[in-house]
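Work through the exercises below with the sequence and the model open. Each task is followed by a solution in steps.

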Amino acid sequence: MTDFSGWMAAIQARTESALARFLPSADMAPTRLHEAMRYSVLGGGKRVRPLLCHAAGEIFGLAPDDLDAPACAAELIHAYSLVHDDLPCMDDDVLRRGKPTCHVEFDEATALLVGDALQTLAFQVLAEHGGTPPMLALLAHAAGSRGMAGGQAIDLGAVGKTLSVEELEFMHIHKTGALIRAAVLLGAHAGGADGDARADLARFAGRAGLLFQVVDDILDAEASTATLGKTAGKDAVQNKPTYVSLLGIAEAKRKAAELRAEAKQALERFGARGARLSDLTDYIAERSF
Ligand code: GRG
C-alpha cells in the first residue's frame, strides 16, 4: 500500500485527467459554454469527494479505473453547486479556487447554464460507465431537494436568524453532508458492498460530512483569503449561523475532535482495509484550506 500523500496525489491527478476526458472539449460548439464548464471544473479543488469515493471502493477490492466515473460524477455535482452558490442571487462571491468565479469570468447566464450542464453531465458519466439504477437514484437523491439543493434552501432562509445546533446540523447534513455521503456510498455500491457494510459507511460519511463543515466554519473564521482561495470571514459579515458563531472557536474545535473520533469508529469492521478512509478523515480534520 502506497503512503497516504502519494495515494492522494495519484487519485487527484487521475481525477483531473478523467474530468478533462468527460468534459466536452472547449472547441466544440457552443464553445463559450464548454470553455466555462472546463474553467469551473479543472485546475483546482481538493477533490475530497472523488478521494472518498476511491477510498470506499478500494475497501471492496476495486481498481482505480473502476472508480473514476462515480468519483467524477460526485465531483461534477459539487462543481455545479459551487458555480451556482457563487451567483449574485445566492452567496454572491467573486473568488473561488483562487480565481474569479464563473459568472465574473464569463457572465451570469453562462454560469447558470454551466451549473445545469455539469449536473446533467454527472448523470450521463455515471449512466454510461457502469452506474446502476440504485447508484443513479442515490446521486439524484443526494443532489436534490431532499439533499444538497434542499440544504441550500434552508441555508438561504437562515441568514440573520438564530438557529439551534440541531437546526444547523440538519442544514449541513443536507447541504454538504448529502453529497459527501453519496460519494462514499457510490464507491461502496460500485464495489458490491452488502447492506451492513453500506450502513457503517453511511454512518462514517455522516460524521465525516459534519466534520468537514465544522472545519470549514473554523477556517472561514481563522484562515486568510489567500490561503483559502475564496473569500474568508464571509460567515460573520453575512451574519450566517455557523458552528463558530453558535459554539465559539474552542467548542467548535472540540466538536471537530469528537466527530473525527466517531467517523473512525464507524470504520472498525473494515480493519486495515479502512485505512484510506481513516487517513482521509485526518486530512479533512487537519486541512488548512
Ligand atoms: C447551489 C444547489 C446549490 C447548492 C450549493 C455545497 C453548496 C450548496 C455550496 C457551497 C458553499 C460552501 C462554501 C459550502 C461549505 C462547504 C463546502 C461545500 C465547501 C467547498 O467544498 P471544498 O472545500 O471545495 O471541497 P474544493 O474547492 O476543494 O472542491
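**Exercise 1: Backbone exceptions**

Proline 30 is placed in the loop between α1 (4-22) and α2 (31-41); helices (H or I, at least four residues) and strands (E, at least two) are DSSP runs, numbered from the N terminus. The model is a predicted one, in which local features need pLDDT of at least 70 and side-chain atom pairs count only at pLDDT 80 or more, while totals for chains, interfaces and linings use all residues. Residues are numbered from 1 along each chain as its sequence is written, and side-chain values use heavy atoms, with hydrogens and water left out.

Task: describe the peptide bond from alanine 29 to proline 30, then the phi of arginine 47 and that of aspartate 92.

Solution. 

Step 1. The bond from alanine 29 to proline 30 is cis, and its omega is near -5°.

Step 2. Arginine 47 is not a glycine, yet its phi is positive, near 60°. The residue lies in the loop between α2 and α3 (48-59). Arginine 47 counts as buried because its relative accessibility is 3% (buried means under 20% relative accessible area, exposed over 50%, partly exposed in between, with a 1.4 Å probe and protein chains only).

Step 3. Aspartate 92, also not a glycine, has a positive phi of about 55°. Its place is in the loop between α4 (64-85) and β1 (95-96). With 45% relative accessibility, aspartate 92 counts as partly exposed.

Step 4. For background, most residues other than glycine have a negative phi, and most peptide bonds are trans.

**Exercise 2: The ligand site**

Task: which residues are the closest to the ligand, and which element gives the most to the shell around it?

Solution. 

Step 1. The ligand is surrounded by 21 residues, and the closest are Lys46, Arg49, His78, Asp85 and Arg97. A residue is counted as near if one of its heavy atoms lies within 4 Å of the molecule.

Step 2. An N or O atom in the side chain of lysine 46 is 2.6 Å from an oxygen atom of the ligand. For arginine 49, the distance from a side-chain N or O atom to a ligand oxygen is 2.8 Å. A polar side-chain atom of histidine 78 likewise lies 2.8 Å from an oxygen atom of the ligand.

Step 3. The protein buries 93% of the 700 Å² that the ligand exposes when taken alone (accessible areas come from the Shrake-Rupley method with a 1.4 Å probe).

Step 4. The elements giving two or more residues to the shell are α4, α8, α9 (165-190) and α10 (195-222). Of these, α4 gives the most, with 6 residues.

**Exercise 3: Threonine 225**

Task: where is threonine 225 found, and what does it touch?

Solution. 

Step 1. Threonine 225 is found in helix α11 (residues 225-228). Its relative accessible area is 34%, so it is partly exposed.

Step 2. Apart from residues up to four places away in sequence, threonine 225 touches Leu95, Lys230, Thr231 and Ala232.

Step 3. A polar atom of the threonine 225 side chain lies 3.1 Å from the backbone nitrogen of alanine 232.

Notes: A polar contact is a pair of N or O atoms within 3.5 Å; within protein, one must be able to donate a hydrogen and the other to accept it, and residues adjacent in sequence count only if both atoms are side-chain atoms. Contact means heavy atoms within 4.5 Å.
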